[in-house]
Amino acid sequence: EIKGLLFDLDGVIVDTAKYHYLAWKKLADDLDINFTEKDNERLKGVSRMRSFEIILEIGGVTMPEEEKEKNCTKKNDIYLEYIYQLKSDEILPGVRKFLEDARAGGYRLALGSASRNAKLILEKLGITDLFDEIADGTIVSNAKPDPEIFLKGAELLKLPSDSCAVFEDAAAGIEAAHNAGMYAVGIGTEENLPEADIILPGLNNITIEDIVKKLQEVER
Ligand code: BG6
Ligand code: MG
């Protein structure tokens, strides 16, 4: 029986990918690396440092650890300029209602995000109170597809893995959910998320009851 719902943040609750892109783009330009919007797809769900390493790979550039750290801090400072401007109207369509209804339906909700800025983003969107627990990039050391973030979320909710469902827009996140022994609801397309148990274009016009019913029909 599904009792806990774990939500990725970037790409499921809010479209921050565009701000991550603008910040990385600025940094890449400064480093003379040609980084495109298409490359940005590879950064979804990936930790900050790993994202930077992917960009360096694209540019065929290497640099010492210390300098990498400096650049990641620089990127985050640029990213935060956008995040400080974030308002509740940027919550993706249907998400707030979906979360409210799920809570009212007795489900326990947790965030499961790789972002170290997750709490700030939830505050800016005004939806912190909709989550019972928050598992974010500040409390884990292994990035998705490692299951750590979702296992941590389930632990905080005091629920076993097999009673949790994860909502994810990144392939690495779907893999992480399965590695944690949880159901995986893909937010996106069949093409991008072939491993998801079910796929939805978004969280509007669907109820948690519909989703749970569909998941129970899926063979695991
Ligand atoms: C994930 C995003 O949610 O968080 C990634 O999909 C991002 O693109 C990662 O790199 C880390 O985010 P932050 O806010 O800690 O830099
Ligand atoms: Mg995501």
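Analyst: Happy to! Let's begin with a definition: a helix axis is a line fitted to C-alpha atoms over the stretch in contact, and the angle between two axes runs from 0 to 180 degrees between N-to-C directions. Please keep in mind that this is a predicted model. Here, the axes of helix 3 (residues 48–59) and helix 4 cross at roughly 105° and come within 10 Å.

User: Why is helix 3 called roughly perpendicular to helix 4?

Analyst: Angles of 65 to 115 degrees count as roughly perpendicular. The two axes cross at roughly 105°, so helix 3 is roughly perpendicular to helix 4. On the helix 3 side, Arg-48, Met-49 and Phe-52 make the contact, and on the helix 4 side Lys-68, Asn-71, Cys-72, Lys-75 and Asn-76 do.

User: What makes helix 1 oblique to helix 4?

Analyst: Helix 1 and helix 4 (residues 65–83) pack at about 135°, with their axes 9 Å apart. Angles over 145 count as roughly antiparallel and 65 to 115 as roughly perpendicular, while the rest, apart from those under 35, count as oblique. That is why helix 1 is oblique to helix 4. The crossing is right-handed. Among the residues that meet there are Tyr-19, Trp-24 and Leu-27 in helix 1 and Ile-78, Tyr-79 and Tyr-82 in helix 4.

User: How do you know that the residues annotated as "binding site" gather at one spot?

Analyst: The annotation comes from an unreviewed UniProt entry and covers Asp-8, Asp-10, Glu-168 and Asp-169. They span 162 residues in sequence, but no two of their C-alpha atoms are more than 8.9 Å apart, so they gather at one spot.

User: Are Asp-10 and Glu-168 buried or exposed, and why?

Analyst: A residue is buried if 20 or more other C-beta atoms lie within 10 Å of its own. Asp-10 has 23, so Asp-10 is buried. Glu-168 has 28, so Glu-168 is buried too. Asp-10 sits in the loop between strand 1 (4–7) and helix 1 (17–30), and among the residues Asp-10 touches are Ser-113 and Ser-115. Glu-168 belongs to strand 4 (residues 164–168), and its contacts include Asp-8, Val-12 and Ile-187.

User: Why is Asn-142 called partly exposed?

Analyst: A residue counts as exposed with 12 or fewer such neighbours and as buried with 20 or more; in between, it is partly exposed. Asn-142 has 13 C-beta neighbours inside 10 Å, so Asn-142 counts as partly exposed. Asn-142 lies in the loop between strand 3 (133–135) and helix 7. Its C-alpha is 8.9 Å from that of Ser-47, although the two residues are 95 apart in sequence.

User: What makes helix 7 largely enclosed by the rest of the structure?

Analyst: Seven of its 10 residues are buried, so helix 7 is largely enclosed. The buried ones include Ile-149, Phe-150 and Leu-157, and the buried residues pack against strand 1, strand 2 (108–112), strand 3, strand 4 and helix 8 (171–179). Just after helix 7, Lys-158 has a positive phi of about 60°.

User: Which residues have the most contacts inside the largest nonpolar core?

Analyst: They are Phe-7, Phe-150, Val-166, Met-182 and Val-185, in a core of 49 residues. Helix 7 (residues 148–157) gives the largest share, five residues. There is also a second, separate core of 10 residues, which includes Ala-23, Trp-24, Val-46 and Ile-55.

Key
Residues are numbered from 1 along each chain as its sequence is written. Chains are lettered from A and ligands numbered from 1 in the order in which they are written. This is a predicted model: local features need pLDDT of at least 70, side-chain atom pairs count only at pLDDT 80 or more; totals for chains, interfaces and linings use all residues. UniProt positions are given in the numbering used here, feature names are shortened, and annotations may be inferred rather than shown by experiment. Helices (H or I, at least four residues) and strands (E, at least two) are DSSP runs, numbered from the N terminus. Two residues are in contact if their C-beta atoms, placed from the backbone, lie within 7 Å. A nonpolar core is a set of buried Ala, Val, Leu, Ile, Met, Phe, Trp, Tyr and Cys residues joined through C-beta atoms within 7 Å. A crossing is left-handed if the near helix is turned anticlockwise from the far one by less than a right angle, and right-handed if clockwise. Lists of a residue's contacts leave out its neighbours within four places in sequence.
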